[in-house]
Amino acid sequence: MAAVDVIVNKLAALWRIPAARRLFPWMFLLVSFVGSVLKKLDVVPQTYFSNSRNALNVYFVKVSWGWTLLLLTPFVLLSNSSFSRSVSFLGRRLLSLAVATAVWYICTETFFYIEDMTGSCYETSIEGVINKEFISKATCRGAGFHWNGYDISGHSFILSYSSLFIMEEMAPMASVKTANLSALPRLVLNLLYVALNLIVMIWVWMFSCTSIYFHDLFQNLIGTMFGLLGWHLTYRVWYLKPLSPGLPPQRHPKEQKQHA
């Protein structure tokens, strides 16, 4: 328990650094650009992570939104209940998860639509003969053929968006009084917080691998821009308005009065 508390305190202290939170979104744009340029120059050797069948990609990235919600949902309930147990308050905080899921769904479906609208079905990977019988990627690949359309990087989108989403929703941990919690809720909350930080590290690493090994510069940048835009329009624009889920609480009422 003590060791977990130490790790939690160090992680919370890191996220309390204003520069860390401010520069975190820009890091994705920088990595996306530099990684894509390195791929274009072909200067990075092939590694385990250049194979799309690597374990992190198959068991984590492919179901990344599931991992994000699996860890964030109980964390949001536990951490925010430390500020208020009001049903309306907790409901608004859970609504942020629903909004984020809607952003994820709309963006990924848009990417699929663009790839379908700009692509054609080829009988071989060499793209010689076009098979006009199949007009979507799903039906084309289902028939054993090859689809070639404009493939915006869904990985660049989901990994950047999930990381920023988790960063925002972890903010209450900086002010949660874990010492006031009973042993089991405190341990669960701390373990969830550590797991969320670990999953962010995995997302950042796999985002870097995506930039270096897959897609081209503009496909990666467009995917990344969608991720940053989804985060910015919610947490930096809409959630500042009264009619919104609102931002995650970062100070207890007593602390707010002291800083007023």
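Mentor: Start with a cut-off: a residue is called buried when its relative accessible area is under 20%, exposed when it is over 50%, and partly exposed in between. Keep in mind that this is a predicted model.

Trainee: Why is glutamate 168 called buried?
Mentor: Its relative accessible area is 3%. The limit for buried is under 20%, so glutamate 168 is buried.

Trainee: What makes glutamate 168 and arginine 236 a salt bridge?
Mentor: The criterion is a side-chain nitrogen of Lys or Arg within 4 Å of a carboxyl oxygen of Asp or Glu. Here the N to O distance is 2.9 Å, so the pair meets the criterion. Arginine 236 sits in helix H9 and glutamate 168 in helix H7 (residues 154–169), 68 residues apart.

Trainee: Is arginine 236 buried or partly exposed?
Mentor: Partly exposed, at a relative accessible area of 34%. That value falls between the 20% and 50% limits. Arginine 236 and Glu168 also belong to a network of salt bridges that includes Arg21.

Trainee: How many salt bridges does the structure hold?
Mentor: Five. One of them joins the side chains of arginine 186 and aspartate 5, at 2.4 Å from N to O.

Trainee: What does phenylalanine 89 touch?
Mentor: Leaving out residues up to four places away in sequence, phenylalanine 89 touches Asn80, Phe83, Ser84 and Pro249. Serine 52 is 37 residues from phenylalanine 89 in sequence, and their C-alpha atoms are 41 Å apart.

Trainee: Which residue lies 9.8 Å from threonine 47, C-alpha to C-alpha, although 162 residues separate the two along the chain?
Mentor: Cysteine 209. Threonine 47 is in the loop between H2 and H3 and is partly exposed, at 37% relative accessibility.

Trainee: What makes the phi of aspartate 42 worth a remark?
Mentor: Most residues other than glycine have a negative phi. Aspartate 42 is not a glycine, yet its phi is positive, about 55°. Aspartate 42 lies in the loop between helix H2 (18–41) and helix H3 (55–59). At 60% relative accessibility it counts as exposed, given that the limit is over 50%.

Trainee: Where is histidine 215 found?
Mentor: In the loop between H8 and H9. Histidine 215 has a positive phi too, near 65°. Its relative accessibility is 23%, so it counts as partly exposed.

Trainee: Why is the crossing of H4 and H8 called left-handed?
Mentor: The label left-handed means that the near helix is turned anticlockwise from the far one by less than a right angle, and H4 passes H8 in that sense. Residues in the contact include Trp67, Leu71 and Phe75 of H4, and Leu189, Leu192 and Trp203 of H8. The axes of helix H4 (residues 64–81) and helix H8 (residues 183–213) come within 10 Å and cross at roughly 145°.

Trainee: Which residues form the nonpolar patch on the surface?
Mentor: Leu229, Leu233, Val237 and Trp238, with about 350 Å² of accessible area together. Take leucine 229, in helix H9 (residues 217–237). A patch residue needs over 30% relative accessible area; leucine 229 has 48%, so it passes that limit and is partly exposed.

Key
Residues are numbered from 1 along each chain as its sequence is written. This is a predicted model: local features need pLDDT of at least 70, side-chain atom pairs count only at pLDDT 80 or more; totals for chains, interfaces and linings use all residues. Side-chain values use heavy atoms; hydrogens and water are left out. Patches are made of residues with over 30% relative accessible area and no salt bridge: like charges are joined within 9 Å, nonpolar side chains (Val, Leu, Ile, Met, Phe, Trp, Tyr) within 5 Å. Accessible areas come from the Shrake-Rupley method with a 1.4 Å probe; for residues, only the protein chains shown count as cover. Helices (H or I, at least four residues) and strands (E, at least two) are DSSP runs, numbered from the N terminus. Buried means under 20% relative accessible area, exposed over 50%, partly exposed in between (1.4 Å probe, protein chains only). Axes are lines fitted to C-alpha atoms, for helices over the stretch in contact, and angles run from 0 to 180 degrees between N-to-C directions. Contact means heavy atoms within 4.5 Å.
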